[in-house]
Amino acid sequence: MTTITTAPGPAHAAILGVGAYRPARLVPNSEIVDAIDSTDEWIQQRSGIKTRRIADDSETVISMSVDASRVALERAGIAADQIDCVIVATVSHLLQMPSAATAIAHELGTKAAAFDVSAACAGFCHGVALGSDMVRAGSAGYALVIGVEKLSDITDPTDRGTAFIFADGAGAVVIGPSDTPGIGPVVWGSDGEHYDHIRTREPWVDALGSDEPGIPFITMKGSEVFRWASYSMAKIAQEALDRAGVTVDQLDCFIPHQANNRITDAMARSLGLPPTVRIARDIVDAGNTSAASVPLAFERMIADGDARPGDLALLVAFGAGLSYAAQVVTVP
Ligand code: UT7
């Protein structure tokens with residue numbers, strides 16, 4: 001009997017470069033409070049957010065991804081045509097088809113396999129798991145993983161529960177072969193019992209076919225998600241540490257989804273992170289950018305010198321679905 005020939009990849013994969021694109025326009029709390037009967041003080045106290053970046057018409061899901069990817073490629077020292085797979089995590093590419101990834105791959109100058117991942121705020125960490133496994137399985141020499149959102153397109157500026165949180169931006173990483181393990185085992189899953197906790201209000205066809213056609217904006221049961229994340233996500237993060245064989249004392253950086261500084265604090269407390277672990281706080285001036293939040297926060301930590309080459313960083317992300325994913329990675 002003839003057997004199929006396989007071509008396994010290298011033993012290990014790692015993140016080789018991290019890039020970001022932040023929209024030019026900074027929107028402070030003072031600009032949005034009137035529409036939601038809120039205050040700068042309340043928003044800062046409850047979420048940590050002071051300002052966020054909101055994209056203009058020229059800053060699209062595609063353009064922000066391309067800009068972030070070019071930076072990641074340059075930092076990784078990899079040319080676009082060396083990429084074999086482009087994975088885009090997003091919930092705000094508003095074409096039902098084709099994928100954002102195919103357009104991004106084309107703009108970058110690669111004919112790589114390209115597809116989008118729908119796992120909301122956890123999408124980037126899902127993409128890192130996929131990219132790492134692809135490289136190690138031999139199905140991609142190099143993978144480009146992007147987290148990107150233009151949430152301002154689908155956020156109701158008058159909704160008190162979401163208008164102050166969500167924002168725009170893109171982050172990207174290049175994953176490739178490595179002599180040593182650079183991406184630990186992923187711990188991921190979903191809690192579909194809470195499927196309705198964060199969602200767009202209705203299907204497009206209903207929103208546009210109704211008597212008063214409009215965009216199906218995001219709705220969120222904020223306090224329910226807050227309780228779920230504060231209680232459950234530290235356990236997932238701990239499992240990712242355990243599976244990577246890393247203790248909190250060996251960890252250098254904690255880069256959680258930038259959902260709310262109070263959730264970050266609760267996770268850090270439950271994990272018992274020592275003061276030596278540097279914690280990402282990008283939310284303060286970037287807001288919650290869903291799939292883009294972890295790579296944006298990662299890039300910021302590197303730029304600020306808080307994440308240095310060879311450091312161990314714990315990533316954990318969670319959001320609509322409810323879905324989640326976590327892994328330990330080495331900082332490039
Ligand atoms: O990225 C995906 C994952 N998402 C998350 O992880 C988000 C998780 N949730 C959160 O971050 C928080 O739930 C929010 C920041 C969204 C809200 O904070 P909260 O502490 O859960 O507020 P709450 O909804 O429990 O409301 C507390 C109070 C209420 O007033 P009373 O009933 O205590 O008098 C609300 O009416 O705050 C009031 N409130 C507001 N006040 C000023 C609710 N929204 C606002 C607002 N401005 N925008």
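Residues are numbered from 1 along each chain as its sequence is written, and side-chain values use heavy atoms, with hydrogens and water left out. Because the model is predicted, local features need pLDDT of at least 70 and side-chain atom pairs count only at pLDDT 80 or more, while totals for chains, interfaces and linings use all residues.

Reader: How many aromatic pairs does a search of the whole structure find?

Author: Rings of Phe, Tyr and Trp (its six-membered ring) pair if their centres lie within 6.5 Å; planes under 30 degrees apart count as stacked, over 60 as edge-to-face and the rest as tilted. With this rule, the number of aromatic pairs found in the whole structure is three.

Reader: What is the geometry of the pair formed by Trp-42 and Phe-164?

Author: The ring centres of Trp-42 and Phe-164 are 5.5 Å apart. Their planes stand at 85°, so the pair is edge-to-face.

Reader: How many residues apart in sequence are the parts that Trp-42 and Phe-164 tie together?

Author: Helices (H or I, at least four residues) and strands (E, at least two) are DSSP runs, numbered from the N terminus. Trp-42 belongs to helix α1 (residues 40–47), whereas Phe-164 is in the loop between β6 (143–150) and β7 (168–178). The pair therefore ties together parts whose separation in sequence is 122 residues.

Reader: Is Phe-164 buried or exposed?

Author: Buried means under 20% relative accessible area, exposed over 50%, and partly exposed in between (1.4 Å probe, protein chains only). Trp-42, with a relative accessible area of 36%, is partly exposed. Phe-164 has 6% relative accessibility and so counts as buried.

Reader: Which class of pair do Trp-228 and Phe-318 form?

Author: The centres of the Trp-228 and Phe-318 rings are 6.4 Å apart. Since their planes are at 65°, the pair is edge-to-face.

Reader: Which parts does the pair of Trp-228 and Phe-318 tie together?

Author: The two residues belong to parts that are 90 residues apart in sequence. Trp-228 is buried at a relative accessible area of 9%, and Phe-318 is buried at 3%. Trp-228 lies in one part and Phe-318 in the other, so the pair ties together helix α6 (residues 222–244) and strand β13 (residues 312–319).

Reader: Which residue do ring pairs link with Trp-228 and Phe-318 into a cluster?

Author: Ring pairs join three residues in this cluster, including Trp-228 and Phe-318.

Reader: How many bridges join β13 to β14?

Author: Two strands pair if DSSP finds at least two bridges between them. β13 and β14 form a hairpin with three residues between them, and Gly-321 in the turn has a positive phi of about 140°. Ala-313 stands opposite Val-329 in β14. The two strands run antiparallel, and the number of bridges joining them is eight.

Reader: How many residues of strand β14 are buried?

Author: β14 (residues 323–330) also pairs with strand β8 (residues 187–190), in the antiparallel sense over four bridges. β14 is largely enclosed by the rest of the structure, because its buried residues number seven of the eight.

Reader: Where do Asp-282 and Arg-22 lie?

Author: A salt bridge is a side-chain nitrogen of Lys or Arg within 4 Å of a carboxyl oxygen of Asp or Glu; the count by this rule comes to ten. Asp-282 and Arg-22 meet in one at 3.2 Å, N to O, and the pair ties together parts that are 260 residues apart in sequence. Asp-282, with a relative accessible area of 3%, is buried. Asp-282 lies in the loop between β12 (278–279) and α8 (283–286), and Arg-22 in the loop between β1 (12–21) and β2 (25–28).

Reader: Which residues are linked with Arg-22 and Asp-282 in a network of salt bridges?

Author: Arg-22 and Asp-282 meet in a salt bridge through their side chains. The network that holds both also includes Asp-285 and Arg-300.
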